Amino acid sequence: MDKFELQKLRDLPIEGVAERLGLQVTRHKALCPFHDDAHPSLSFRVSRNTFRCFVCGASGGTIDLVMKCLGKGFREACRWLQTLPSAPPCREGNGYSCNGIYSSPYREGSGVGLFDASRYERYFERPWLNDEARRFLFDERRIDARVVRWCRLTSWKDKQQVPWLQTPYYDRDGKLIGIQNRNLVKGATPRFRFPQGAECSIYNLPILNMLRPGDDLYITEGSSDCWAMLSAGHKAIAIPSATLLSKKDKELLVSLGQELGTSFHMWPDNDVPGERLFLQLKEVLPSLVHHQLPPDCKDFSEYFLKR
Ligand SMILES: [Zn+2]
């Protein structure tokens with residue numbers, strides 16, 4: 001194998017390779033397969049395309065990971081990497097390591113896996129909703145048009161004429177940090193897709209700048225409940241799941257409570273995961289207020305429609 005071939009294998013996105021090996025990667029971390037690990041201590045450095053375990057010290061690049069995980073020699077590991085299909089699987093829902101729908105995940109050179117906001121920003125400068133998106137937002141969910149504008153929701157159709165709703169994720173300063181694409185065809189899979197490197201942690205962070213001292217902040221699960229909550233006139237953010245909240249995100253929420261006296265509210269989904277999320281969040285935010293949905297509503301979006 002020549003130098004270029006080898007470099008190509010080294011440049012395969014390390015998190016994609018890890019997932020192919022059966023590791024579950026969440027927020028650039030995974031349970032370390034090289035020691036008995038209860039908390040994810042294997043972390044991935046996307047900018048360098050490497051992994052490292054802070055407990056057992058295992059470290060290296062894509063080829064090392066395959067050698068160690070599968071107990072293969074160097075040549076065999078390279079051969080295994082060569083047989084990978086040209087795109088790793090796209091996981092539904094979270095999107096921390098998903099390849100994009102616009103670009104090949106195997107970009108040249110360094111910076112593999114970094115979200116390139118400049119490529120997508122223009123989509124949200126002039127949001128435009130196609131018929132499918134209008135039906136989804138306004139007819140089916142009765143989302144307030146002001147909320148749609150605030151969230152800069154836009155839509156597009158791919159080459160196969162599949163309609164997608166695009167939800168931009170911004171940080172607190174309004175910088176684009178991620179995009180969620182929702183397939184608007186009913187029952188289609190995958191339902192969500194994310195461009196490479198997109199960070200979809202807390203949704204609707206810019207609303208935090210509008211919080212006044214003592215304001216209520218509603219925490220929802222997922223962006224669509226967040227739109228319903230905003231349409232109901234509440235200030236709201238969405239989180240993907242409590243276990244996916246980074247330390248930084250948790251600190252941000254805690255500091256809001258301390259500095260602004262923000263009180264946190266939640267209408268957990270009417271199921272076990274919903275209650276679990278509430279309890280996990282309550283550990284971070286002890287003052288979190290529980291609101292009970294009526295038994296015939298599975299989530300706040302449904303409650304909002306019936307109200
Ligand atoms: Zn380890």
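Predicted model: local features only at pLDDT ≥ 70, side-chain atom pairs only at ≥ 80, totals over all residues.
The protein has 307 residues, of which 49% are buried. Its secondary structure comprises 10 helices and 12 strands. Of the contacts between residues at least 6 apart in sequence, 56% connect residues at least 24 apart. The accessible surface amounts to about 15,700 Å², and carbon and sulfur atoms account for 50% of that area.

Two packed helices are described by the angle between their axes and the distance between the axes. For helix H1 (residues 3-10) and helix H4 (residues 74-82), the axes come within 10 Å and cross at roughly 70°. H1 and H4 are therefore roughly perpendicular to each other. On the H1 side, the residues involved are Glu5, Leu6, Leu9 and Arg10, which meet Phe74, Cys78, Leu81 and Gln82 of H4.

Helix H4 also contains alanine 77. Alanine 77 counts as buried because its relative accessibility is 0%. Apart from residues up to four places away in sequence, alanine 77 touches Ile63, Val66, Met67 and Lys72. The C-alpha atom of alanine 77 is 8.0 Å from that of aspartate 64, a residue 13 positions away along the chain.

Charged side chains form 11 salt bridges in the whole structure. One of them joins arginine 146 to aspartate 144, with the closest N and O atoms 2.7 Å apart. Arginine 146 is exposed at 57% relative accessibility, while aspartate 144 is partly exposed at 22%.

A further salt bridge, with an N to O distance of 3.6 Å, links glutamate 251 and lysine 247. Both residues lie in helix H8, 4 residues apart, or about one turn of the helix. Glutamate 251 is partly exposed at 47% relative accessibility, and lysine 247 is exposed at 66%.

Helix H8, which spans residues 247-260, also holds aspartate 249. Aspartate 249 is buried but has no salt bridge. The nearest side chain of opposite charge is that of arginine 27, at 4.2 Å, and a salt bridge requires the nitrogen and oxygen to be within 4 Å. Leaving aside neighbours within four places in sequence, aspartate 249 is in contact with Arg27, Ser201 and Ile202.

By contrast, aspartate 299 is buried, with a relative accessible area of 14%, and its side chain meets that of lysine 298 in a salt bridge of 3.6 Å, N to O. Lysine 298 is exposed, at 53%. Both residues belong to a salt-bridge network that links Asp296, Lys298, Asp299, Glu302 and Lys306.

Methods:
Residues numbered from 1 in each chain as written. Heavy atoms only, no water. Helix = DSSP H or I, 4+ residues; strand = E, 2+ residues; numbered from the N terminus. Buried < 20%, exposed > 50% of the residue type's maximum accessible area, 1.4 Å probe, protein only. Lys, Arg positive; Asp, Glu negative; His and termini not counted. Contact = heavy atoms within 4.5 Å. Areas by Shrake-Rupley, 256 points an atom, 1.4 Å probe, with all protein chains shown as cover. Axes fitted to C-alpha atoms, helices over the stretch in contact; angles between N-to-C directions. Parallel < 35°, antiparallel > 145°, perpendicular 65-115°, else oblique.
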